[in-house]
Amino acid sequence: MKDKRNIIWYNPVLTEKARKLRNESTKSEIILWKFLKGKQMLGYDFHRQKPLNNYIVDFYCNELMLAIEIDGSSHDTEERQGEDKIRQEILEELGIIFLRFRNEEVKISTDEVVSEIKDWIVKNNKYKPTI
């Protein structure tokens, strides 16, 4: 059985920044958090604004090594897209998998976003339903 504790180092300087980001969540983050918190997503424990390495991801499940990012218009510039790509590649080298959604997608099509996350978990054999 796979160890549930995939511990990934993080820069402690990010702790306060992550706390601030949690207190200043976007509307889309608040919407999605309602479906992720309290192990509501197929029994998996997600954290929001989670420091990993030298970065902070919007949502993270340690057991799945799954990061969920919600991108708003600030991610539309070429420079920011390049930064996001490098950041994602560095974290993927640590075994983290990313699912990305747009702000508008979460606001307008919440059920589809939630369904896509559930489908990913089931399809990747991470979810073993109990009978």
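This is a predicted model: local features need pLDDT of at least 70, side-chain atom pairs count only at pLDDT 80 or more; totals for chains, interfaces and linings use all residues.
Trainee: What makes Arg 19 and Glu 16 a salt bridge?

Mentor: The side chains of Arg 19 and Glu 16 come to 2.6 Å, N to O. The cut-off is a Lys or Arg side-chain nitrogen within 4 Å of a carboxyl oxygen of Asp or Glu, so the pair qualifies.

Trainee: Why is Arg 19 called partly exposed?

Mentor: The relative accessible area of Arg 19 is 38%. Buried requires under 20% and exposed over 50%, so Arg 19 falls in between.

Trainee: Which parts of the chain does the bridge between Arg 100 and Asp 71 link?

Mentor: The side chains of Arg 100 and Asp 71 meet at 2.8 Å, N to O. The pair links distant parts of the chain, with Arg 100 in strand β4 (residues 97–102) and Asp 71 in strand β3 (residues 66–71), 29 residues apart.

Trainee: Is Asp 71 buried or exposed, and how do you know?

Mentor: Asp 71 has a relative accessible area of 9%. The limit for buried is under 20%, so Asp 71 is buried. Arg 100 has 28%, which puts this residue in the partly exposed class.

Trainee: Why does the pair of Glu 104 and Arg 102 count as a salt bridge?

Mentor: The N to O distance between the side chains of Glu 104 and Arg 102 is 3.8 Å. The rule asks for within 4 Å, so this pair is included. Glu 104 is partly exposed at 40% relative accessible area, and Arg 102 is partly exposed at 29%.

Trainee: How many salt bridges does the rule give?

Mentor: The count comes to five.

Trainee: What makes β1 and β2 a pair of strands?

Mentor: Six bridges join β1 to β2, and the two run antiparallel. Pairing needs at least two bridges, so β1 and β2 meet the criterion. One of the contacts has Pro 51 with Ile 56 of β2 as its bridge partner. The two strands form a hairpin with two residues between them, and Asn 53 in the turn has a positive phi of about 60°.

Trainee: How do you know that β2 also pairs with β3?

Mentor: Three bridges join β2 to β3, again antiparallel. The requirement is at least two, so this is a pair as well. Tyr 60 has Ala 67 in β3 as its bridge partner. This hairpin has four residues between the strands, with a positive phi of about 55° at Met 65 in the turn.

Trainee: Why is strand β2 described as largely enclosed?

Mentor: Six of the seven residues in β2, residues 55–61, are buried, so the rest of the structure largely encloses the strand.

Trainee: What makes Gln 49 buried?

Mentor: Gln 49, in strand β1, has 4% relative accessibility. Buried means under 20%, so the term applies to Gln 49. The C-alpha atoms of Gln 49 and Glu 69 are separated by 9.7 Å, with the two residues 20 apart along the chain.

Trainee: Why can Lys 37 belong to a surface patch?

Mentor: Lys 37 has a relative accessible area of 38%. A patch residue needs over 30%, so Lys 37 passes that cut-off. Lys 37 lies in the loop between α2 (27–36) and β1 (46–52). The positive patch is formed by Lys 27, Lys 34, Lys 37 and Lys 107.

Note on methods. Residues are numbered from 1 along each chain as its sequence is written. Side-chain values use heavy atoms; hydrogens and water are left out. Patches are made of residues with over 30% relative accessible area and no salt bridge: like charges are joined within 9 Å, nonpolar side chains (Val, Leu, Ile, Met, Phe, Trp, Tyr) within 5 Å. Accessible areas come from the Shrake-Rupley method with a 1.4 Å probe; for residues, only the protein chains shown count as cover. Lys and Arg count as positive and Asp and Glu as negative; His and the chain ends are not counted. The place of a charge is taken as NZ of Lys, CZ of Arg, CG of Asp or CD of Glu. Buried means under 20% relative accessible area, exposed over 50%, partly exposed in between (1.4 Å probe, protein chains only).
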